[in-house]
Number of protein chains: 10
Amino acid sequence: MQYDREKEVEQLGSNKTEYRMDYDPSVLEAFENVHQYRDYFVKFNCPEFTSLCPKTGQPDFATVYISYIPDKKMVESKSLKLYLFSFRNHGDFHEDCMNKIVNDLVELMDPRYIEVWGKFTPRGGISIDPYVNYGKPGTKWEAFAEKRLVQHDLYPETIDNR
Amino acid sequence: MQYDREKEVEQLGSNKTEYRMDYDPSVLEAFENVHQYRDYFVKFNCPEFTSLCPKTGQPDFATVYISYIPDKKMVESKSLKLYLFSFRNHGDFHEDCMNKIVNDLVELMDPRYIEVWGKFTPRGGISIDPYVNYGKPGTKWEAFAEKRLVQHDLYPETIDNR
Amino acid sequence: MQYDREKEVEQLGSNKTEYRMDYDPSVLEAFENVHQYRDYFVKFNCPEFTSLCPKTGQPDFATVYISYIPDKKMVESKSLKLYLFSFRNHGDFHEDCMNKIVNDLVELMDPRYIEVWGKFTPRGGISIDPYVNYGKPGTKWEAFAEKRLVQHDLYPETIDNR
Amino acid sequence: MQYDREKEVEQLGSNKTEYRMDYDPSVLEAFENVHQYRDYFVKFNCPEFTSLCPKTGQPDFATVYISYIPDKKMVESKSLKLYLFSFRNHGDFHEDCMNKIVNDLVELMDPRYIEVWGKFTPRGGISIDPYVNYGKPGTKWEAFAEKRLVQHDLYPETIDNR
Amino acid sequence: MQYDREKEVEQLGSNKTEYRMDYDPSVLEAFENVHQYRDYFVKFNCPEFTSLCPKTGQPDFATVYISYIPDKKMVESKSLKLYLFSFRNHGDFHEDCMNKIVNDLVELMDPRYIEVWGKFTPRGGISIDPYVNYGKPGTKWEAFAEKRLVQHDLYPETIDNR
Amino acid sequence: MQYDREKEVEQLGSNKTEYRMDYDPSVLEAFENVHQYRDYFVKFNCPEFTSLCPKTGQPDFATVYISYIPDKKMVESKSLKLYLFSFRNHGDFHEDCMNKIVNDLVELMDPRYIEVWGKFTPRGGISIDPYVNYGKPGTKWEAFAEKRLVQHDLYPETIDNR
Amino acid sequence: MQYDREKEVEQLGSNKTEYRMDYDPSVLEAFENVHQYRDYFVKFNCPEFTSLCPKTGQPDFATVYISYIPDKKMVESKSLKLYLFSFRNHGDFHEDCMNKIVNDLVELMDPRYIEVWGKFTPRGGISIDPYVNYGKPGTKWEAFAEKRLVQHDLYPETIDNR
Amino acid sequence: MQYDREKEVEQLGSNKTEYRMDYDPSVLEAFENVHQYRDYFVKFNCPEFTSLCPKTGQPDFATVYISYIPDKKMVESKSLKLYLFSFRNHGDFHEDCMNKIVNDLVELMDPRYIEVWGKFTPRGGISIDPYVNYGKPGTKWEAFAEKRLVQHDLYPETIDNR
Amino acid sequence: MQYDREKEVEQLGSNKTEYRMDYDPSVLEAFENVHQYRDYFVKFNCPEFTSLCPKTGQPDFATVYISYIPDKKMVESKSLKLYLFSFRNHGDFHEDCMNKIVNDLVELMDPRYIEVWGKFTPRGGISIDPYVNYGKPGTKWEAFAEKRLVQHDLYPETIDNR
Amino acid sequence: MQYDREKEVEQLGSNKTEYRMDYDPSVLEAFENVHQYRDYFVKFNCPEFTSLCPKTGQPDFATVYISYIPDKKMVESKSLKLYLFSFRNHGDFHEDCMNKIVNDLVELMDPRYIEVWGKFTPRGGISIDPYVNYGKPGTKWEAFAEKRLVQHDLYPETIDNR
Ligand SMILES: [Ca+2]
Ligand SMILES: [Ca+2]
Ligand SMILES: [Ca+2]
Ligand SMILES: [Ca+2]
Ligand SMILES: [Ca+2]
Ligand SMILES: [Ca+2]
Ligand SMILES: [Ca+2]
Ligand SMILES: [Ca+2]
Ligand SMILES: [Ca+2]
Ligand SMILES: [Ca+2]
Ligand SMILES: [Ca+2]
Ligand SMILES: [Ca+2]
Ligand SMILES: [Ca+2]
Ligand SMILES: [Ca+2]
Ligand SMILES: [Ca+2]
Ligand SMILES: [Ca+2]
């Protein structure tokens, strides 16, 4: 599942990208991290995430924040966009979506560290925000993930549903 | 008190859910955490909490933030909504409400970690914000709770009663 | 040092106002406007309004802004608080609540001008904000109300349900 | 296309509402305005609008503000939600979506006045916000609409794409 | 009640100004407007206003905005500060305080136009904001005041009591 | 200079659009307004405008807001993006850029009404914001433009250069 | 200085509470903490604090944030309000007021931990914000207080005196 | 006092501009308006204005907003910066500074319309904001100025001195 | 350099304090810390700092935050104001100003801990914010300073130069 | 690559600095840190960063925050401005730009610690924010960098692409 320039060109060659409408991790593409000598963060801000509620079929909406420290590979941003769009007509619970995104990106990139935070809009007056993180097992990044968990969200943002 | 699909369907079958009007923890429902292999947070933002003052009978209002790391069970969100609504015509002090919510959710889910923060509107120019947290006794989550307490609210939000 | 229910009840005999739990305009009290020589506004900001949905029984929440120009009478603010609290366990549609408040305050005070704006929290991703105004018929205040209607809410506040 | 209590009950009887996935104005339902003796505004804040770009197939996102002064009929809010959701997999330009919403709601309710403002997220660094309004032809509401147009958005909100 | 340099020097000569603790309009001082050839606004922002509730004796707090177009005289700002401080231990209703400030400043300066807006902190969940304006009778400033009244506060600021 | 579907496809066929690096109004494309029966606004928010200072060669940055009421033609948004990018290495004064944009879009679309507001970042502690508007001569839109000019920016946004 | 029900009743019996006008810690009342099995925070937001400058007699204004972890006793909130009001006509320096509040509440409640942060309005262009904290000597709460001190206010809020 | 290219070059030729430290309107430079065929606004945001209090010698600080519609001439922005800096060690009252700026810029440019709004930091808890405007006498711009005065600052920004 | 009551009175006796116009640390006055038994913070918010650029002579502006834990002495706030004003016509680089303030206050008070953060307005599109801290050498406060340095400004405030 | 006063003067002598239009680290200039006895931060806020996308040629925009603790040398701010401007017509990926800036500034100054955070505007609904830090190898600053990485961005700012 390495980065494939040809495929990319192909994809860009048509200006009508085929947006998949059900969950499809196979659209994810990776490329090489040319700064492997360094630990650094890359964050994606994704305020246009939408999926369907598996119980009621009603659309759900979230802003998703994805932050990771790459090892050998990085996720290509246009493929990430297509991947996130593939949840559009897919039914899944909030916490399952966030766990899946972590699992799929770990599968793709095998990163040193990754975290995903989804902030959903309310249903019935309550909104739900799952936060999932991961450090590569057997490395110092496991402790890194634990340290971030203990400091997670000590200051809940003010929510008034407006 | 395990998750019961039938009951849920039942509940959803009538579109006129019976909203209990006095404190009733029995409405809480749990379901299984399918990601027990991982420590992750789920947060509920609940800006529509209201109860009655036990001294004056006057309605109180708060935004309540509930954040937890599940172990084997998770709280079903619609049942949480009904549970919080059951405080509506119930008289209780601010700090007792928040401690009760922690106790009831611990009873229901036996989570690794949980915290509840209520931010009430003022009476007589002063507002009160209780913050209660809990880590499963005899596990590393006790220390986790202590670490979060020492870092709690170092930056009080600006309050001007307007 | 325990809480003493008896004493409290006694004591509230004077300062324990009886909070009515269904819609009751009879609690409204008026007093004389001592500045009748002048047209001026009084505004009440009421962020703690709650009622019940007549279809689902679910609690609704709103911030209500009431603004008026008194004629001979003014509404006493503590009685207004009791009046608004009387919607707490009363079922009514958003736009009917706002129209009723205008009608009841007109009945009480016969003001030169009055307007009521309710801003509710969302259900199913959509929130509803009714705005009702009134100028005393047969006076210049009718045109006053029309001018304010044409300028109403040209800048919708940013709503993101969070 | 009058308000039909039976149909409404029917719709609510199943807790799995069928969310239509292509543009369908037939889901819109009206009910009677019981305050026809008065001109007043009802506003819907709809931050969860999404459609598809007809050129690229890429999802578009907007917050849509709908504000109207009813005449004899009002739009039922749950049916409005279903109607807006029906744009989810429908391809249309921003300004065409907004004009269609006005046209469909005029067809449904024949209101005194209506306006629809869509605020979309950017593509290529530029975001587009169409604003469409309408006053019933041959009535004073035509001039009402013109007056609001001349005052429209004199204070563009600060946009920095973040 | 003209501006008196001597008195000013006197006042400044002692660095321990005597702060009057009950309402005292006699502390107000005026000086000459040297730009009488022009209509212009001067606004005072006064976020440190406090008085006592005449019913309960409880302190009240407000931000007061005073805005005027001078004619021949202007109010000296240090004397205005002393005047506003003189409400500190004085009991009066919100709307009476604001009307008195207008009356006292009209008495002092005979301005072309003046307006005073008080924004108080809530008691029992409701806050009260009186707005009083005045245009010199028999001049074009009467119509000026009316035009501002019809446009007053079309956008109530968001109040959540926090 | 009518809308040309072929040319558009051509442009989209290559995913490496040629970004012109000096001012070039010829990249602008128009298409037909299918809602000519109605007066409505379309606004473009463009926070990524940059040009060069003609005196010092230093880059200038602005957010540009373009708002218009179309007549027969509308500007195609991708071509607008290319047009604005063509200022990137072009030297021109702030107020000349804004006037040119109005002139070029009038030339392209012959709109009923258009306005352009540029908000630049400071140089030497001062920032400059030109606002230019236009109504079609000999029509009611001339008066429309005048009315908007008299109401322009009565509330300067708070600027502190941070 | 134990909690005294009689006194409380007395106090509540008259709805015209006597507001003491000079510093009086004897008004403070305590009650029992019924959750002594747990460490939790209670915070009071007090935006209506005012005292007098001991040098100039000029009124000072602050928002005071009081946050503590109770041991056996808790401070009754209405008595805290009266206590803070008792500074109204009392002359004291900013840092002395904040230290006194800590000392008086320690004397009253003997809490596990307490902190008090005052944020005053400026005089001569500078505002002063004292922050005082305390952990019960000879317990782990001493280290708790030190840890909070080292993390105190690493992010000064933006102050521009407006 | 026409625009003089030579002088400008001269000024820019030395990178150590001589900053005048007392009020000096002679530094102002004008240049030709090349868009005289159109009425448009140019606004300068000047958050770095400072002068001295003529009574106490204490420095005063303000943000000054200058907005005008040019006729034949425009003010050169670097010369405006030098002009505003020339108030740095000059003693003058707030309202006199703002009136002087209007008078000097009218003298320099003879504009169609101009307005100047100064927003100062507080002294003794009160801040002062003068607003001065001007329309060319004997033209329609006089009425233009009057219309803006009647709409001036209907929404005072929230000031809390922090 | 101890606190000198006489001198203070002298200074206040004249209401026209002599504001020194070049850097003068000798104006700083200290007084005794009466709470030496406790470690606590005092913060000064100083949004009215201005100096001159030593290269161009152009005025620079900053908000300066000064925060310290006193030992035996505290800085008198009016003298601090005069000290900061003494930079007004003094030429110095941003980072040198901030280091000097730390050095002068250490010299004056010999505090346990002190930090100074200057946030300047931009020149040429870039703003500079130096942050300097200090813990008394040979005490635990050295480590205190290091801990704060490692946590400094992990969340840069959003800067857009507007 | 030491600081060269002559060169600086040269550069300032011409008021038309030559802005390089492709990436050029040779424009960077250093000067001596005169406070080497102390560890302190200097931060540059750079909201006017722009480069080109290497795939599409489209301009990219970011706010870049650069923060460092100097050792013997510091970067001269005008040269930093020119260096950042040299990315203007240069094609590079977001994370490569940020890594390059760190590498070039390490090469120039050999600092104790440095970090660079870029916050870009979105393309296709997603924005990317790389964060790179560095501590001098073989010194305590390596651990310093690691500690800051583990605490990086625990509170993602709210992004909605507007
Ligand atoms: Ca909100
Ligand atoms: Ca507030
Ligand atoms: Ca919102
Ligand atoms: Ca929000
Ligand atoms: Ca921004
Ligand atoms: Ca945003
Ligand atoms: Ca608020
Ligand atoms: Ca608030
Ligand atoms: Ca700003
Ligand atoms: Ca402020
Ligand atoms: Ca403020
Ligand atoms: Ca503030
Ligand atoms: Ca900013
Ligand atoms: Ca700003
Ligand atoms: Ca934004
Ligand atoms: Ca936004």
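**Calcium ions by chain C**

I looked up the calcium ion (ligand 4) and the calcium ion (ligand 1) and found them 3.6 Å apart. This is a predicted model, where local features need pLDDT of at least 70, side-chain atom pairs count only at pLDDT 80 or more, and totals for chains, interfaces and linings use all residues. Residues are numbered from 1 along each chain as its sequence is written, chains are lettered from A and ligands numbered from 1 in the order in which they are written, and side-chain values use heavy atoms, with hydrogens and water left out.

What coordinates ligand 4? I found Asp160(C) (OD) and Asp160(C) (OD), at 2.8 to 2.9 Å from the calcium ion. Donors here are N, O and S atoms within 2.8 Å of the metal (3.2 Å for Na, K and Ca); water is not among the atoms, so sites may look incomplete. I placed Asp160(C) in the segment after helix H4 (141-150) of chain C. Helices (H or I, at least four residues) and strands (E, at least two) are DSSP runs, numbered from the N terminus.

**Calcium ions by chains G and H**

Next I turned to the calcium ion (ligand 10). Its protein donors are Asp160(G) (OD), Arg162(G) (O) and Arg162(H) (O), lying 2.3 to 2.9 Å from the ion. The pair Arg162(G) and Arg162(H) crosses between chains. Arg162(G) sits in the segment after helix H4 (140-150) of chain G, and Arg162(H) in the segment after helix H4 (141-150) of chain H. Arg162(G) also bridges ligand 10 and the calcium ion (ligand 11), which lie 3.6 Å apart.

Are Arg162(G) and Arg162(H) buried or exposed? I noted both as buried. Buried means under 20% relative accessible area, exposed over 50%, and partly exposed in between (1.4 Å probe, protein chains only).

**Calcium ions by chains D and J**

I then checked the calcium ion (ligand 15). Asp160(D) (OD), Arg162(D) (O) and Arg162(J) (O) coordinate this ion, at 2.3 to 3.0 Å. Asp160(D) bridges ligand 15 and the calcium ion (ligand 5), and these ions lie 4.8 Å apart. Asp160(D) is partly exposed, with a relative accessible area of 35%. Arg162(D) is buried, at 14%.

**How the copies relate**

I compared chains C and A. Copies are superposed by least squares on the C-alpha atoms of residues with pLDDT of at least 70 in both. I also read that 100% of the interface residues of chain C are interface residues in chain A, so these copies meet through the same surface.

Chains H and E came next. Chain H superposes on chain E by a rotation of 72° with 0.0 Å of shift along its axis (RMSD 0.0 Å). The two copies are thus related as by a five-fold rotation axis. Only 19% of the interface residues of chain H are also interface residues in chain E, so the copies meet through different surfaces.

**Chain A in outline**

I counted four helices and six strands in chain A. From the N terminus on, the elements run α-β-β-β-β-α-α-β-β-α. Of the 162 residues in chain A, 67% are buried. Of the contacts in chain A with a separation of 6 or more, 68% are between residues 24 or more positions apart. Contact means heavy atoms within 4.5 Å.

I looked up Pro130(E) in strand E6 (residues 127-135) of chain E. Pro130(E) is buried, with a relative accessible area of 0%. Not counting residues up to four places away in sequence, Pro130(E) touches residues including Phe41(C), Val42(C), His94(E) and Met98(E). Pro130(E) and Met98(E) are 32 residues apart in sequence, yet 6.8 Å apart in space, C-alpha to C-alpha.

Where is Glu29(J)? I found Glu29(J) in the loop between helix H1 (5-13) and strand E1 (30-32) of chain J. Glu29(J) is buried, with a relative accessible area of 10%.
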